[in-house]
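I opened my notebook today to look up a few things in a structure that is new to me.

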Amino acid sequence: MISRTSAAGRDLHSALERAGFYPRLVADVVDDALDGMEPLAHLIHLETHIEHNEVHRHVTVLVLTADVMVVVHVDDQQLDELGGKAMAQVSTETVAVTKIGSVVLSYVYQQPQDYRSSDRVRELTLGIAWSGGQRIDLTPAGCEDPQCEADHGYTGTMQEEDLVLRVSAEADGKQAVEDARTFARALRKLNTAASLAPVPQAGPPAGAEARPGWVGGRFARGHHQG
């Protein structure tokens with residue numbers, strides 16, 4: 001099971017128990033994905049949606065370590081009408097912090113004209129990109145003439161994102177929004193530090209004498225071999 005020797009490990013285990021979504025199964029999956037790495041921060045996002053007469057739930061768990069971000073997603077599916085038989089589908093991904101290209105935070109505040117520094121964020125959307133995947137949102141383009149019936153094509157936006165989580169005070173509670181904000185800050189800080197770290201330069205093999213022709217870890221050649 002998840003290490004309880006550190007405060008972060010105990011907090012992660014307690015958060016999975018509070019979420020109540022197959023906590024033992026999810027904990028084992030997270031533990032396997034961590035593979036002995038110590039968690040530094042986590043975010044657990046539980047969602048429920050209704051499709052026709054079926055209720056589907058799924059949980060996304062993000063765990064940040066010193067070097068990677070572990071992404072675990074578990075959702076269930078009813079196999080009979082009474083819900084007596086169910087199946088859980090699990091997916092995990094381990095992403096090196098250095099591979100994360102962007103961490104995007106979007107906030108929503110109510111009554112901004114009355115804003116005070118003590119006001120809490122009412123809604124937060126966290127977008128994380130690491131594989132270069134892009135999402136395109138298209139809408140029909142128009143013009144200022146309300147009588148115009150011409151086809152103006154489409155307009156839209158392109159965003160790089162692999163994972164998007166939306167947390168709101170109304171649906172998830174005020175503390176859930178603050179927890180998501182805390183995780184996003186920890187991820188952003190670690191990702192920024194990793195991106196600014198100097199890249200080690202390749203050199204000649206240990207014990208080899210420095211001599212002309214050594215360039216970037218390879219011997220320079222005067223010809224090309226096919």
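**Entry 1: a pair of facing residues.** I am working with a predicted model. I began at Ile128 and looked for its bridge partner in S9, which turned out to be Leu163. Then I asked how many bridges join S6 to strand S9. I found six, with S6 and S9 (residues 163–168) running antiparallel.

**Entry 2: the other neighbour.** Next I turned to strand S5, residues 102–108, and S6. These two strands also run antiparallel, and I noted seven bridges joining them. For one example of who faces whom, I picked Val104, which stands opposite Gly127 in S6.

**Entry 3: buried or exposed?** I wanted to know how S6 (residues 123–129) sits in the structure. Six of its seven residues are buried, so I wrote down that S6 is largely enclosed by the rest of the structure.

**Entry 4: empty space inside.** A probe the size of a water molecule, rolled over the atoms, shows where empty space is left. How many cavities of 30 Å³ or more are there? My count came to one. The largest cavity holds about 40 Å³ of space.

**Entry 5: the lining.** I looked up which residues line the largest cavity, and found Leu16, Ala19, Gly20, Phe21, Pro23, Val26, Ile44 and Val59. Helix H1 (7–19) and helix H2 (23–34) each supply at least two residues of this lining. Sorted by class, the lining has seven nonpolar residues and one polar residue, with no charged ones. Gly counts as polar here, and Gly20 is on my list of lining residues.

Definitions and conventions: Residues numbered from 1 in each chain as written. Predicted model: local features only at pLDDT ≥ 70, side-chain atom pairs only at ≥ 80, totals over all residues. Heavy atoms only, no water. 1 Å grid on protein atoms, 1.4 Å probe; cavity = no way out; pocket = protein on both sides within 12 Å on 5 of 7 lines; lining within 4 Å. Points joined across faces, edges and corners; volume = space filled by probe spheres on them. Helix = DSSP H or I, 4+ residues; strand = E, 2+ residues; numbered from the N terminus. Buried < 20%, exposed > 50% of the residue type's maximum accessible area, 1.4 Å probe, protein only. Pairing = 2+ DSSP bridges.
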